[in-house]
Structure formats: structure tokens, C-alpha cells
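Open the model in your viewer and get ready to select residues.

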Amino acid sequence: MIGRSLRLYRDAYRGLPVPVWLLGGVMLINRSGTMVLPYLTLYLTQHLHYSVTEAGLVMTVYGAGALFGTFLGGRLSDQFGFYPVQFFSLLISGFFLIFLQFAHHFYTMCGVVFVYTLLGDAFRPAVSSAIAYYSVPENRTRAYSLNRLAINLGWSLGGGLGGYLASIDYRLLFWVDGLTCILAAGVLRAYLPVPDRSVAATPETGLPTEGSSSAYRDSLFLIFVGATVLFAIGFWQLFSMAPLYFKQILHLKETEIGLLMTMNGLMIVFTEMALVFAVEKRYARQKGTIIGFGALLVGLSYLLLNAGIWPFLAVISVFINTFGEMLSMPFMQSFTVERATAQNRGQYLALYSMAYAVAQITAPAIGSQVVAWAGFPMLWVVVMGLCLVSASLFWWIARQVKKTALVGSVL
């Protein structure tokens, strides 16, 4: 049994290209300093004394900047390549993060947050395109999982340290987060090989291209993006309203909230690669079904919080939420790349990233308004409903993909 588990872990990491590992290293450095986002609502309400509604509006502006940033990143990646977009996004956003601590007025805060996310989130489609470029279909889902492993290992380190720094002085969060962005840009420039753009991109072999010449004309993918938005609205509550719930209702300290974020990251670090490898090996053609099940688990993790006002429920909720995240997000990225060709991959990945940006806009706004209107228990019911609709759409998409594959095999 132990030997089988060790072989599973070994095989999960085997065969990944060196550039994919280097990208993982860049993400690890960058995300080790990720402290502003998970504590931003607490910083705004506890330190700057914003109301819950004002904090929710700032988070909505955060999402608006992310929406335009991911669109901009996709367009720039197609025009100039993913390499310079990654470098300048990390470098410039690092300086804006440092500057963010000096914005106190509500409208100034909104303006700086928008510019920061506009520049910082251009990184998302660029790094996704880089992973797709350096990987092959056989190891692509694991390549994305490795990237998520690096993100979450850094998240677990940054989340735990962030709780400690926040208890000392919230301003330390902005310095550490900004400086790690700048450091990650330097490491990327020094070690990641520059791709040869003189080599024309060719369609991949091995998996049939199922999508359209344009992501915006691929109706099935647009439904997939809509389902992703619903899922992400629920998922993003973990970083917007859930910390506030843990603080105000369950009376957890900042350091304890940080430990919950650390648990989320460590679960992904130690189990996701092996889980994805085992699931994909057995259910390679059922990505939509797997994603739907993950979305359902995320919704259930929030609904569980209505069972009582016990701090231990926060631990169980984050555990279930993380398991749902691991079953959904890596396969979402892999599904997106499989719908695209090498020529329009940036467009598909940008549209997929924009789904999360839309959720960043709507999740805090919906969350804060529902809490103000009916309280946290109603919010968790609403989130469960959104995740249930999302899961149903993913399962429907899985059936449509299966039908298309059957028709293609007959023809």
C-alpha cells in the first residue's frame, strides 16, 4: 500500500519539462508574498474603518481591474508573446502594491486598486499560455497542477506569515507582497528561456481540436465560461466574505484565519498532483463531470457553516472547499486549452481568466449586499444555489462533448 502510494506520487511528477518547473519556481516566489488579497477586507474594515459595503465596493473595483487586466494580458500575449507580458506585469504590479498602503481615502483606494489589478492580472493569461507552450497534451493538466502547487505552497507560507504580520502592522503586508512580485520578475528574466517566436505555431496533435476559430464564437465554451463564473462567485467568498465571517461570527483571530489559509494551501501542495494524476488516468475523457462534482463540493462547504456557530466548522468547511477546488480548477484549465488551437490559445485562456475576474467583481458585491440584507446564513444558501447551477451546467457540457466525440468517431 505504501509502495503504491509512493509510485503514484513519483509518477505524478515525472516527465514535466524543465521550463514548467521554472515557471513553478517563479510562481512560488511570487505567491509566497501573497498577503494583501486575503486580508484586504480585514485591512479596510479594521484598520481604515471602512464599512462592510465600502469594503465590498473596493473588492468589486479589484475585480473590475482584474477583468480588464486579463483581457489586456490575452491581447498583449497574442501580439508580443507571453514572456514580456509576464515580466512587466510582475515588475510594475510590485511597485503598485507597495504604493497601495499609502492610499487611505476611499476613491484613492479604488483608483490604486484598479490600476494594480489591471497590470497584475495581465499575468494570468500570459502564464497559462506559457504553461501550454512548454507542455504537451499528455502532461498538460499536471503542468497546470504543478503551477497551482507552487501558487498554493506560496499561499500557505504567505497566508500564515500574513496573519502574523497583520497582527503587528497591516502595512507590512504591502511591502512583502510588492517586493516578492519584483523578485519573481527578476528570477523569470534570469532563468526562463525566451521562446523562439520565429517558429510558427502549429496545431497540436494527439487530441482533436473541438472548439471554434474564435473563443467568442464557440457556443459550448461560452456556456462553460458562464458556468465558471457562477462557480467562481461561490469560490471567491473564501477570500472576501468568509474571513469576515470567521472574524465577526466565529470570533477567530487573524493568526487563526491565516492558519486556515495555510491549511488550504498545504492540502493542495501535498495531494493535488497525485489526485489529478490518479483521476485523469482513470477519467481522462470526463473532465466536465469531474469539474461539476468539484463545484458541488465547494457549494456544500459553505452551506455547512449554517450547521452552527462552532469554530471547528471553519476547518471542515475549508477542507471540503479545498477538495472541491482540486477537482475542478486544474481540469478547467486543461479543458480550455483542449478547446483551442495553438493559434488562438491566448484568446481562450484570456476568456477563461476573465470568468474569474467577473467573479471577483460580483462575488464581493453580492456577498456584502446579501450579508447586509439577510445575514451570513442566507449568503451561504445563495452560494450553494450558484454552485449547484454551475455543477449542472458542467455535467450538461460533459454530455455534449461526449456526443460530439461519438459523432466524430462515426464520421
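Helices here are DSSP runs of H or I with at least four residues, numbered from the N terminus. Keep in mind that this is a predicted model.

**Stop 1: a residue in a helix**

Select residues 311-339, which make up helix α14. Now pick out E325, which is found in that helix. Is E325 buried or exposed? Its relative accessible area is 4%, and buried means under 20%, so E325 is buried.

Show what surrounds E325. Leaving out residues up to four places away in sequence, E325 touches R148, N152, F235, N264, I268, V298 and P330. The C-alpha atoms of E325 and G294 are 6.1 Å apart, while the two residues are 31 residues apart along the chain.

**Stop 2: two helices that pack**

Two packed helices are described by the angle between their axes and the distance between the axes. Select residues 82-100 for helix α5 and residues 123-134 for helix α7. They pack at an angle of about 140 degrees, and their axes are 9 Å apart. Angles over 145 degrees would count as roughly antiparallel. α5 and α7 are therefore oblique to each other. The crossing of α5 past α7 is left-handed.

Which residues make the contact? On α5, select F82, V85, Q86, S89 and L90. On α7, select F123, A126, V127, S129, A130, Y133 and Y134. Colour them by class: the contact of α5 with α7 has nine nonpolar residues, three polar ones and no charged ones.

**Stop 3: aromatic rings**

How many aromatic pairs does the structure hold? There are 26. Start with Y245 and F376, an edge-to-face pair. Their rings are 5.1 Å centre to centre, with 65 degrees between the planes. Y245 lies in helix α11 (residues 241-248) and F376 in helix α16 (residues 376-410), so this pair ties together parts that are 131 residues apart in sequence. Y245 is buried, at 5% relative accessible area. F376 also counts as buried, with 6% relative accessibility.

At 0% relative accessibility, W380 counts as buried.

**Last stop: a cluster of rings**

Select F221, F224, F335, Y348, Y352, Y356 and F394. Ring pairs link these residues into a cluster.

Conventions
Residues are numbered from 1 along each chain as its sequence is written. This is a predicted model: local features need pLDDT of at least 70, side-chain atom pairs count only at pLDDT 80 or more; totals for chains, interfaces and linings use all residues. Side-chain values use heavy atoms; hydrogens and water are left out. Axes are lines fitted to C-alpha atoms, for helices over the stretch in contact, and angles run from 0 to 180 degrees between N-to-C directions. Helices (H or I, at least four residues) and strands (E, at least two) are DSSP runs, numbered from the N terminus. Angles under 35 degrees count as roughly parallel, over 145 as roughly antiparallel, 65 to 115 as roughly perpendicular and the rest as oblique. A crossing is left-handed if the near helix is turned anticlockwise from the far one by less than a right angle, and right-handed if clockwise. Contact means heavy atoms within 4.5 Å. Ala, Val, Leu, Ile, Met, Phe, Trp, Tyr, Cys and Pro count as nonpolar, Asp, Glu, Lys and Arg as charged, and the others, Gly among them, as polar. Rings of Phe, Tyr and Trp (its six-membered ring) pair if their centres lie within 6.5 Å; planes under 30 degrees apart count as stacked, over 60 as edge-to-face and the rest as tilted. Buried means under 20% relative accessible area, exposed over 50%, partly exposed in between (1.4 Å probe, protein chains only).
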